[in-house]
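Subject: Structure for your review

Dear colleague,

Please find the structure below, handed over for your own work. The findings follow directly after it.

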Amino acid sequence: MKKQLLAGAFVLASFFAAQAQTIFSVDFSVADEATLGDWYLIDADGDTDNWGVQTTAVDASTAYGFDGGFAFSASYSDDAGALTPDNMFVTQAFEVPAEGATVSFKVGGLNDEYFAEHYAVYVVTDEFFSAEGNTIADLINGLGEAKIEETLAGPNAVSKNFVISDNVGESVRVVFRHYQSTDELYLVLDDVEVTTGNTAGVNDNTIANLSVFPNPVNNGLVNITADTLVNNITIVDLNGRTVKAVKFNGVSEAQVNVSDLASGVYMMTIASDKGTTTKKIVKN
């Protein structure tokens with residue numbers, strides 16, 4: 001067996017706790033109707049493999065910084081081999097207060113070699129999510145711009161957060177989408193929490209003093225400079241397909257060769273130790 005696998009229960013789930021500044025908090029230590037009842041699983045690729053919940057720690061999860069239970073989505077299984085998931089884990093609905101809200105979570109992998117999982121996080125209104133007649137395709141088309149989107153740069157648990165400053169007074173849900181990954185192992189999610197106000201201070205998905213040039217690209221080379229350490233760069237076409245992914249070992253200056261890409265518009269996601277940013281680039 002080329003990869004270490006773990007067992008877990010596949011469930012639907014939710015949790016609501018009104019404590020101080022906390023709107024809700026889920027650590028996946030319990031996976032029953034009382035605690036995970038209003039969350040949703042969406043198997044958008046239709047392969048019957050979806051998000052699951054492991055309610056107790058295992059050696060692999062502890063080694064990579066996940067304490068206790070966690071949720072996971074696979075891009076490899078012993079039975080099916082390589083998987084190309086499009087799995088969505090949707091939180092319970094909650095109302096965004098006047099002061100906004102902060103969403104925080106941990107994300108990572110469980111293997112030193114197979115960890116390059118791609119994911120994105122979105123906020124959708126519950127009215128849209130629950131609309132009668134909406135299909136999976138409708139949901140995907142209505143996700144809008146990701147709050148965070150990146151390919152994991154390593155297997156260890158990393159804390160992420162972003163601020164919801166729009167949708168004040170509206171009921172919304174957070175969508176965790178595992179997609180554009182093949183033949184790695186697991187995307188792991190833990191400690192999902194929503195609190196009132198901007199407790200994060202800044203959005204993690206913004207890299208300060210980032211430059212991407214030249215743009216448009218004429219000679220095939222794109223340069224990236226930032227006041228942070230770049231870990232990986234992913235380029236996606238307008239159909240949502242990953243056309244290039246490059247890993248870096250924490251560099252402040254990076255260069256990507258796009259000479260093999262067709263002329264057109266692409267979205268480049270730069271992941272660093274300070275968060276992620278997505279930039280539109282044009283290849284001439």
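V230 counts as buried, because its relative accessibility is 0%, which falls under the 20% limit for that class. The model is a predicted one. V230 belongs to strand β16. Its C-alpha atom is 5.9 Å from that of S252, although 22 residues separate V230 and S252 along the chain.

The largest pocket holds about 760 Å³ of space. Its lining comprises 29 residues, of which Y122, G144, E145, A146 and E149 are the closest to the centre. Two or more lining residues come from each of β10, α4 (136-141), β11 (148-151), β13, β16 (221-237), β18 and β19 (275-283). The largest share belongs to β19, with 3 residues. By class, the lining of the largest pocket divides into 11 nonpolar, 12 polar and 6 charged residues.

The second largest pocket has a volume of about 220 Å³. It is lined by 20 residues, and those closest to its centre are A153, V158, K160, N231 and S272. At least two lining residues are supplied by each of β9, β11, β12 (158-164), β16 and β18. Here β12 gives the most, namely 3 residues. The lining of the second largest pocket consists of 6 nonpolar, 9 polar and 5 charged residues.

Cavity

How many cavities of 30 Å³ or more does a search of the whole structure find? The search returns 1 such cavity. The volume of the largest cavity is about 50 Å³. Its lining is formed by W51, F105, V107, Y119, A120, V121, F176, R177, L187, V188 and L189. The elements that contribute two or more of these residues are β9 (101-108), β10 (118-125), β13 (171-179) and β14 (186-196). In terms of class, 10 of the lining residues are nonpolar, none is polar and 1 is charged.

Surface patch

L238, V265 and M267 make a nonpolar surface patch of about 250 Å². V265 is located in strand β18 (residues 264-272). Why does V265 count as partly exposed? The reason is its relative accessibility of 32%, since that class lies between the limits of 20% and 50%.

Backbone geometry

Two cis peptide bonds may be of interest when you prepare the model. One joins F213 and P214, with omega at about -10°. The other runs from N215 to P216, where omega is near 15°. P214 is found in the loop between β15 (211-213) and β16, and P216 is likewise placed in the loop between β15 and β16.

Positive phi values also occur in residues other than glycine, including N167 and D183. For N167, phi is near 60°. N167 sits in the loop between β12 and β13, and it counts as partly exposed because its relative accessibility is 24%. For D183, phi is about 60°. D183 lies in the loop between β13 and β14, and its relative accessibility of 26% is the reason that D183 counts as partly exposed.

Yours sincerely,

A colleague

Technical notes
Residues numbered from 1 in each chain as written. Predicted model: local features only at pLDDT ≥ 70, side-chain atom pairs only at ≥ 80, totals over all residues. Heavy atoms only, no water. 1 Å grid on protein atoms, 1.4 Å probe; cavity = no way out; pocket = protein on both sides within 12 Å on 5 of 7 lines; lining within 4 Å. Points joined across faces, edges and corners; volume = space filled by probe spheres on them. Helix = DSSP H or I, 4+ residues; strand = E, 2+ residues; numbered from the N terminus. Nonpolar A, V, L, I, M, F, W, Y, C, P; charged D, E, K, R; others polar. Patch = residues over 30% accessible without salt bridge, like charges linked within 9 Å, V, L, I, M, F, W, Y side chains within 5 Å. Areas by Shrake-Rupley, 256 points an atom, 1.4 Å probe, with all protein chains shown as cover. Salt bridge = Lys/Arg side-chain N within 4 Å of Asp/Glu carboxyl O. Buried < 20%, exposed > 50% of the residue type's maximum accessible area, 1.4 Å probe, protein only.
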